[in-house]
Amino acid sequence: MTHTFDDLVEMQKAADEAHAHVLELRGEFGRPTESPWSSEQNEAYEKAWQSWRDLASAVQAAVTAHAKDSGEPRFNIEAAVRTAARHPETEPTAA
């Protein structure tokens, strides 16, 4: 399935939000080597981390497919998607 540029931006936003959640949990739980995590903490962190990985992987695959279909360099599309997702006030140019 080919994704539009706007689809890619929304996918990147979701991956970024999932990553932020992982970082929140790290901050909340601390390092597991300093203070062992409970099984609930381990489970919550693993679930959040896996969600982030899945979303990030999906974005990468979609960007690759979009680049192939559009003939644009993958790097340019990925950069434009990240800029649009993280800095919506700027207007990226992408296919």
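Reply: Start with handedness. A crossing is left-handed if the near helix is turned anticlockwise from the far one by less than a right angle, and right-handed if clockwise. This model is predicted. Here α1 passes α2 in a left-handed crossing.

Me: What residues make up the contact of α1 with α2, by nonpolar, polar and charged class?

Reply: The contact holds 20 nonpolar residues, 6 polar and 1 charged.

Me: How do I describe the packing of two helices in numbers?

Reply: Two packed helices are described by the angle between their axes and the distance between the axes. In this model, the axes of α1 (5-29) and α2 (residues 39-70) come within 9 Å. They cross at roughly 155°. Angles over 145 degrees count as roughly antiparallel, so α1 is roughly antiparallel to α2.

Me: Now single residues. Is His3 buried or exposed?

Reply: Buried means under 20% relative accessible area. His3 has 18%, so His3 is buried. His3 lies in the segment before α1.

Me: Which residues does His3 touch, beyond those up to four places away in sequence?

Reply: Leu8, Met11, Ala62 and His66.

Me: And Glu78: where is Glu78 placed, and is Glu78 buried or exposed?

Reply: Glu78 sits in helix α3, which spans residues 74-86. Apply the cut-off again: under 20% is buried. Glu78 has 15% relative accessibility, so Glu78 counts as buried.

Me: What does Glu78 touch, leaving out residues up to four places away in sequence?

Reply: With those left out, Glu78 touches Gln60 and Val63.

Methods:
Residues are numbered from 1 along each chain as its sequence is written. This is a predicted model: local features need pLDDT of at least 70, side-chain atom pairs count only at pLDDT 80 or more; totals for chains, interfaces and linings use all residues. Side-chain values use heavy atoms; hydrogens and water are left out. Helices (H or I, at least four residues) and strands (E, at least two) are DSSP runs, numbered from the N terminus. Buried means under 20% relative accessible area, exposed over 50%, partly exposed in between (1.4 Å probe, protein chains only). Contact means heavy atoms within 4.5 Å. Axes are lines fitted to C-alpha atoms, for helices over the stretch in contact, and angles run from 0 to 180 degrees between N-to-C directions. Angles under 35 degrees count as roughly parallel, over 145 as roughly antiparallel, 65 to 115 as roughly perpendicular and the rest as oblique. Ala, Val, Leu, Ile, Met, Phe, Trp, Tyr, Cys and Pro count as nonpolar, Asp, Glu, Lys and Arg as charged, and the others, Gly among them, as polar.
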